[in-house]
Amino acid sequence: MGIHRLNHAVLYVSDLDRSVAFYRDVLGFRRVPMTPEGFRGAAFLQAPGSTNDHDLGLFEIGARAGRSTAGRATVGLYHLAWEVDTLDELAVTAHRLTKAGALVGSSDHGTTKSLYGQDPDGLEFEVVWLVPADRLDDAALAARTRIGRLDLAAEIRRYGGDTRGGVGISVPA
């Protein structure tokens with residue numbers, strides 16, 4: 001198989017307008033006008049800086065829908081992870097998620113620095129910055145086997161807030 005990246009994800013949501021507003025206002029997604037004519041209850045969104053046709057499809061199933069029990073009572077998807085270019089962008093995202101009451105955690109995985117959020121339906125996602133290949137050291141590689149506390153200010157001091165992440169890993173060098 002020649003799969004080399006995730007193109008888009010589709011989520012079922014209870015309230016389309018509320019979900020579109022969340023992904024737009026908190027994460028900066030923009031609505032892409034590609035919903036089929038006459039079709040209601042769907043929206044397609046593109047992440048900032050993305051070259052994908054769309055990154056997220058949202059399909060409304062109504063207010064009576066229950067929250068996902070995946071990982072607690074059923075199998076299912078745990079989360080999606082979106083990558084940001086810089087630690088400064090990760091810090092802005094942390095602020096926006098906190099302000100929206102949507103930040104549910106953060107972690108340092110050594111080679112990745114992660115925030116975890118939940119959308120209005122409780123669907124979890126990750127926003128991550130990847131240490132560039134030329135900055136990987138033994139300590140960062142060893143830390144992949146444990147989950148540490150993310151000290152974002154310390155990571156910005158270590159790597160620089162405007163250092164482009166993922167270079168040589170998810171982004172060609």
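Trainee: In this predicted model, how many residues does the largest nonpolar core have, and which of them have the most contacts inside it?

Mentor: A nonpolar core is read as a set of buried residues joined through their side-chain atoms. In this structure the largest one has 32 residues, and those with the most contacts inside it are Y23, L27, L56 and L58. The elements that give two or more residues to this core are the strands β1 (9-13), β3 (42-46), β4 (56-60), β5 (80-83) and β8, together with the helices α1 (16-25), α2 (87-99) and α4 (152-159). The core draws at least three residues from each of domain 1 (9-60) and domain 2 (80-159).

Trainee: Which residues does L27 touch, leaving aside those up to four places away in sequence?

Mentor: With such sequence neighbours not counted, L27 touches F22, P48, W82, T93, L97, F125 and V127.

Trainee: How should I read the packing of α2 and α4, and at what angle do they pack?

Mentor: One looks at the angle between the two N-to-C directions and at the separation of the axes. Here α2 and α4 pack at an angle of about 165 degrees, with their axes 10 Å apart. Because an angle over 145 degrees counts as roughly antiparallel, α2 is described as roughly antiparallel to α4. The crossing of these two helices is left-handed.

Trainee: Which residues of α2 and α4 meet?

Mentor: From α2 come L87, D88, L90 and A91, and these meet L152, E155, I156 and Y159 in α4.

Trainee: Where is P132 found, and is P132 buried or exposed?

Mentor: P132 is found in the loop between β8 (124-130) and α3 (138-142). Because under 20% relative accessible area counts as buried, P132, with a relative accessible area of 3%, is buried.

Trainee: Which residues does P132 touch, again without those up to four places away in sequence?

Mentor: P132 touches T163, R164, G165, G166, V167 and I169, whereas the C-alpha atoms of P132 and L152, 20 residues apart along the chain, are separated by 16 Å.

Key. Residues are numbered from 1 along each chain as its sequence is written. This is a predicted model: local features need pLDDT of at least 70, side-chain atom pairs count only at pLDDT 80 or more; totals for chains, interfaces and linings use all residues. Side-chain values use heavy atoms; hydrogens and water are left out. Helices (H or I, at least four residues) and strands (E, at least two) are DSSP runs, numbered from the N terminus. Buried means under 20% relative accessible area, exposed over 50%, partly exposed in between (1.4 Å probe, protein chains only). Contact means heavy atoms within 4.5 Å. A nonpolar core is a set of buried Ala, Val, Leu, Ile, Met, Phe, Trp, Tyr and Cys residues joined through side-chain atoms within 4.5 Å. Domain bounds come from an automatic or database domain assignment. Axes are lines fitted to C-alpha atoms, for helices over the stretch in contact, and angles run from 0 to 180 degrees between N-to-C directions. Angles under 35 degrees count as roughly parallel, over 145 as roughly antiparallel, 65 to 115 as roughly perpendicular and the rest as oblique. A crossing is left-handed if the near helix is turned anticlockwise from the far one by less than a right angle, and right-handed if clockwise.
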